[in-house]
Structure formats: structure tokens, C-alpha cells
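Here are my notes on the model, as numbered points. Have the structure open while you read.

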Amino acid sequence: MASAAPSNNPLNDVDIKVDSTQLQELNEQKNEVLNKVQTLKKELQDWRTKLDGQVKSYRNEIADLRKTLNSEVEALRTEFLDLKSALKQQLELTSGLAAEQVVEAERKAAGLSS
């Protein structure tokens, strides 16, 4: 049986040091990538939060505008109905007056021709 005595081969020590250095560099790169991913996740979350706030604000503004528009439309509808009613009364009065004038004109014409 061969004994498991440590080897004093300098080549193996160099290989281990090179592998150790490469491993350390890879770990540093991995940490940099993980930090970048975390930063991007945070930025995305902040962006989504800001966007959600804007959407909520715009929805509230649209709801307020819709309420205002509906109340103005209702006011215009009421005003239109009032104007329609007033116009109808004026037309009735005018047609009544015109009819009276026609009857009076016919009386005068009948009185002149007799």
C-alpha cells in the first residue's frame, strides 16, 4: 500500500493556486451579476409601484370627469326640456293670437262686404 503522504510537487501547488484564483474571480463575477439582478428587480418593483400609482390617479381623475360630464349633461337635458316647454307655450299663444286675428279679419271683411 502506498502511503498518503503529501506531495511536494510544486506543479500541483501552482494548479491549485490558479484554480483558486479562477474560482475567486468567478465568485466575484457571480456576486456582481447577483447584485445587478437585485438592483434591476428593485428598479422594476419601484417602476411598477410608480406606474400603479399613476394608473390609480388617472382612473380617479377619469371617474371625476365622468361624474362632472354626467351632471352637466343632465343639467343641459333639463334646460333643453324647459326651453322646449317654453317654446311650445309660445307657439300655442302665437297660434291662438293668429287664429283670433284671422277671425277678427274675417269679421271686418264680412262687415265691409255687407
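1. Start with Asp46, which forms a salt bridge with Lys42, the closest N and O atoms lying 3.1 Å apart. (A salt bridge here is a side-chain nitrogen of Lys or Arg within 4 Å of a carboxyl oxygen of Asp or Glu.) Because Asp46 and Lys42 are 4 residues apart in helix α1, about one helical turn separates them. Asp46 is partly exposed, at a relative accessible area of 40%. For that scale, buried means under 20% relative accessible area, exposed means over 50%, and partly exposed is in between (1.4 Å probe, protein chains only).

2. Before going further, remember that this is a predicted model: local features need pLDDT of at least 70, side-chain atom pairs count only at pLDDT 80 or more, and totals for chains, interfaces and linings use all residues. Residues are numbered from 1 along each chain as its sequence is written, and side-chain values use heavy atoms, with hydrogens and water left out.

3. How many salt bridges does the structure hold? There are 3. In one of them the side chains of Arg77 and Glu74 meet at 3.3 Å, N to O. Arg77 and Glu74 are 3 residues apart in helix α1, so they too are separated by about one helical turn. Arg77 is partly exposed at 47% relative accessibility, and Glu74 is partly exposed at 42%.

4. Further along, Glu104 and Lys108 pair up through their side chains, at 3.8 Å from N to O. Glu104 and Lys108 sit 4 residues apart in helix α1, so about one helical turn lies between them. Glu104 counts as partly exposed at 44% relative accessibility, whereas Lys108 is exposed at 54%. As background, side chains of opposite charge can pair when their charged atoms come close.

5. Now the overall fold. The protein chain comes to 1 helix and 0 strands; helices (H or I, at least four residues) and strands (E, at least two) are DSSP runs, numbered from the N terminus. Helix α1 covers residues 10–113, and Leu51 has its place there. Of the chain's 114 residues, 0% count as buried. The chain exposes about 11000 Å², with carbon and sulfur atoms supplying 58% of that. Areas come from the Shrake-Rupley method with a 1.4 Å probe, and for residues only the protein chains shown count as cover.

6. Leu51 counts as partly exposed, at 34% relative accessibility.

7. Thr49 is also in helix α1, and its side chain reaches the backbone oxygen of Gln45 at 2.9 Å. Thr49 is partly exposed at 48% relative accessibility.

8. Last, confidence. Mean pLDDT for the protein chain is 87, and 84% of its residues reach 70 or more; pLDDT is the predictor's confidence in each residue, from 0 to 100.

Methods
Polar contact = N/O pair within 3.5 Å; in protein donor to acceptor, adjacent residues only side chain to side chain.
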